[in-house]
Amino acid sequence: MANKDPVKVGVLYSQTGVTSAIESSQRLGTLLAIEEINDHGGIDGREIVDIEYDAASDPYHFRHLAERLVAIDNVNVIFGCYMSSTRKAVTPIVEKYNRILFYATLYEGFEFSNNIIYTGAAPNQNSVQLADFMMSMFGGQVYLVGSDYIYPYESNRIMSDLVHQRPDGSIVAQRYVPLNAGSKDFESIVAEIKELQPDFIFSTVVGDATQHLYRAYAEAGLDPKSMPIASLTTSEVEVAQMGAAAAAGHFTAAPYFTSIDSAENHRVLQRFRARFGDEIRPNACWEAAYFQVHLFANAMRGAGTDSVPVLMPQILESDFLRRRGGCASSRPIITPTCTHELGGLIRRASLRSCVHRRMRLCLTLIWSRIHWATGHLPSRPCRIDGTAKDIDAFYHARHTRGATDFARPPFTACMCISPA
């Protein structure tokens, strides 16, 4: 007789605390996917039941609640964590109990765990391209500012390496602020930026503090046309928090933007807004949180169980679009040699998105061949080398061989924020 018992999964995101805005988007992306799967009969007739806790943006709470999920609630799979510090707090738990954590956030790389599926971009899929673009457009004198925890330190180390590959590249200063930084914490930083006049600022500030950096920049009268902020951690969520005036003219980079013009993306966004309203802004972390639940469901259909030893081989080499239409122009794939998402290239070039009534994201292309190139950009979490030129050559080689099997990049374009 077929097993029709519910499948319990853990959902571990912050609904309070300094990163609750972005984590709330991940949480709702997760819940939307669970509802979609259940509305279509669950996993072979088995309903997914989410057991969730508010980890309050605190690594200690993440670790404690992860152990509660696996030891008391008996879940085999957890969807959760935004900050790298919280992922690292949960890692010993999933490894100790042999459970799986699906992690839907861009991260610093240089990590591997048999018990973590990383569905966010690794640095070779976003940092390399953003650095090349910003330095070619604005110059190599760079000011680094970030939140005081592991991801900003490691991301800035990678950015420093990329900057120093250029003859004119230099880090003019590197500063960190508390995770709960307010407007006063950025006064001295903005004053120093004004004095040093770098070519651009690379920000790894996260959470609620992001809005204070951009507002302080604007209030100081600095000009993004000549000295913009570039960031991997500023998404539609943070843009909505800071407002159009503070966001205008700066750059962000991500594997996904809501402006991707595909029928499936429009359908998913419509379902999400009909279910949860317009308060939470979809973004790249939201998209990864959404599609990784479908990856899990597809893998479990193949495994017939959520028992980790049986499930994990099915997760490896699994994808989403092959089984059930995906979000955006995406086809996420997990590779057997590295538990990271394998990326490709967005074919669309005309991306414009109203993420707020008074703002929109306007696309600036990094490579003109975005119109026709296809192929995979493998995640290399422990290897940060090459330039945009190298990657463009890779895509060109794929194109000349007639490769047409993929349609999503972890990153091939920068978005410049401009007022509508």
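Keep in mind that the model is predicted. We'll start with helix α12, which spans residues 308-315, then visit Ser57, Gln197 and Asp73 in their loops.

**Helix α12**
- Val308, Leu311, Met312 and Ile315 are the residues to look for here: they're buried.
- Look down the axis of α12 and these buried residues fall within an arc of 100 degrees, so they line one face of the helix.
- Why does that spacing work? An α-helix has 3.6 residues a turn, so residues three or four places apart point the same way.

**Two residues with positive phi**
- Ser57 isn't a glycine, yet its phi is positive, at about 60 degrees.
- You'll find Ser57 in the loop that runs between β2 (48-54) and α2 (59-71).
- Is Ser57 buried or exposed? Ser57 is buried, and its relative accessible area is 10%.
- Gln197, also not a glycine, has a positive phi near 55 degrees.
- Gln197 is partly exposed, with a relative accessible area of 48%.

**A buried charge without a salt bridge**
- Asp73 sits in the loop between α2 and β3 (77-80).
- Although Asp73 is buried, it has no salt bridge.
- Which side chain of opposite charge is nearest to Asp73? That's Arg68, 4.5 Å away, while a salt bridge needs the charged atoms within 4 Å.
- Setting aside neighbours within four places in sequence, Asp73 is in contact with Lys8, Ile51, Tyr53 and Arg68.

Note on methods: Residues numbered from 1 in each chain as written. Predicted model: local features only at pLDDT ≥ 70, side-chain atom pairs only at ≥ 80, totals over all residues. Heavy atoms only, no water. Buried < 20%, exposed > 50% of the residue type's maximum accessible area, 1.4 Å probe, protein only. Helix = DSSP H or I, 4+ residues; strand = E, 2+ residues; numbered from the N terminus. Arc of directions from axis to C-beta. Lys, Arg positive; Asp, Glu negative; His and termini not counted. Contact = heavy atoms within 4.5 Å.
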